[in-house]
Amino acid sequence: MAHPSQLGFQDAASPVMEELLHFHDHALMIVLLISTLVLYIIVAMVSTKLTNKYILDSQEIEIIWTVLPAVILILIALPSLRILYLMDEINDPHLTIKAMGHQWYWSYEYTDYEDLGFDSYMVPTQDLVPGQFRLLETDHRMVVPVESPIRVLVSAEDVLHSWAVPSLGVKMDAVPGRLNQTAFIASRPGVFYGQCSEICGANHSFMPIVVEAVPLEHFEKWSTMMLEDA
């Protein structure tokens, strides 16, 4: 959950998001070193009256400033490609959920069950109870078991939407007439908030996403209760 004045990412709640945070720190450190070096060179050139003839005409330094950026790009590209392939992998999901975007709410279908589906609307401000977050709470949460691979099929019924939950490292466009898929593993129990991340009309800001990760036995009780209510 993000909080005011937060500078970094939300705490990771999935293995992929942990990898993304590590890669972010890795890339940021490289950028910091490059910026420090460039700043030092600029200050040195401006503040000194001395001239080094070996810098003005030197094959060695030209080789260095050609090879070094290539090495830096490789150091960034290799872990980036690794995470890219990790995000695409969907190995034997334990549960498949279809998330359908509408103007302006989400509907969820648990396709492994015969008749388990519901619409998820934002809770109006006047109906919030203490402890709930304004513009982020929904009347029905998407409940998933922890430490289980979850596949999410994402589509839309009317216009472009985007199903995004930052702490799980998930963001997938919902395109009418097209079925996109993504996957995640919730590594700990908790309630994780997201929002539609594609401008989709007047009430774009009012279609939040709430994913609740619970132990498997609690998920089984919840699914049984939902099926009985249906």
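These questions and answers go through a predicted model of one protein chain.

User: How much area do domain 1 and domain 2 bury between them?
Analyst: The contact takes 5 residues from domain 1 and 6 residues from domain 2. Of the area buried, 58% is on carbon and sulfur atoms. The total for domain 1 and domain 2 is about 370 Å².

User: Which residues of domain 1 lose the most area to domain 2?
Analyst: On the side of domain 1 that touches domain 2, helix 1 (residues 15-47) gives the largest share, 4 residues. That side divides into 4 nonpolar residues, no polar and 1 charged. Together, 80% of what the domain 1 side buries comes from three residues: Pro15, Met17 and Met87.

User: Which residue forms a salt bridge with Arg82?
Analyst: Side chains of opposite charge can pair when their charged atoms come close. The count of salt bridges by the rule comes to 3. The pair with Arg82 links distant parts of the chain, 63 residues apart, with Arg82 in helix 3 (residues 59-88) and its partner in helix 1. The closest N and O atoms are 2.9 Å apart, and the partner is Glu19.

User: Which residues does UniProt list for "transmembrane region"?
Analyst: The residues listed come from an unreviewed UniProt entry. In the model, residues 27-51 are 84% helix and 0% strand, with end C-alpha atoms 34 Å apart. Residues 63-85 are 100% helix and 0% strand, and their end C-alpha atoms lie 33 Å apart. UniProt lists residues 27-51 and 63-85.

User: What are the helix and strand percentages over residues 92-225?
Analyst: At these positions UniProt places the feature "domain: Cytochrome oxidase subunit II copper A binding", from an unreviewed entry. The end C-alpha atoms of residues 92-225 are 26 Å apart. The chain there is 7% helix and 45% strand.

User: Is the peptide bond from Gln103 to Trp104 cis or trans?
Analyst: Most peptide bonds are trans. Trp104 has its place in the loop between strand 1 (95-102) and strand 2 (105-110). For the bond from Gln103 to Trp104, omega is near 0°, and the bond is cis.

User: What is the phi of Ser5?
Analyst: Most residues other than glycine have a negative phi. Ser5 is found in the segment before helix 1. Although Ser5 is not a glycine, its phi is positive, at about 65°.

Technical notes:
Residues are numbered from 1 along each chain as its sequence is written. This is a predicted model: local features need pLDDT of at least 70, side-chain atom pairs count only at pLDDT 80 or more; totals for chains, interfaces and linings use all residues. Side-chain values use heavy atoms; hydrogens and water are left out. Contact means heavy atoms within 4.5 Å. Buried area is the accessible area (1.4 Å probe) that two parts lose on being put together, summed over both. Helices (H or I, at least four residues) and strands (E, at least two) are DSSP runs, numbered from the N terminus. Ala, Val, Leu, Ile, Met, Phe, Trp, Tyr, Cys and Pro count as nonpolar, Asp, Glu, Lys and Arg as charged, and the others, Gly among them, as polar. UniProt positions are given in the numbering used here, feature names are shortened, and annotations may be inferred rather than shown by experiment. A salt bridge is a side-chain nitrogen of Lys or Arg within 4 Å of a carboxyl oxygen of Asp or Glu.
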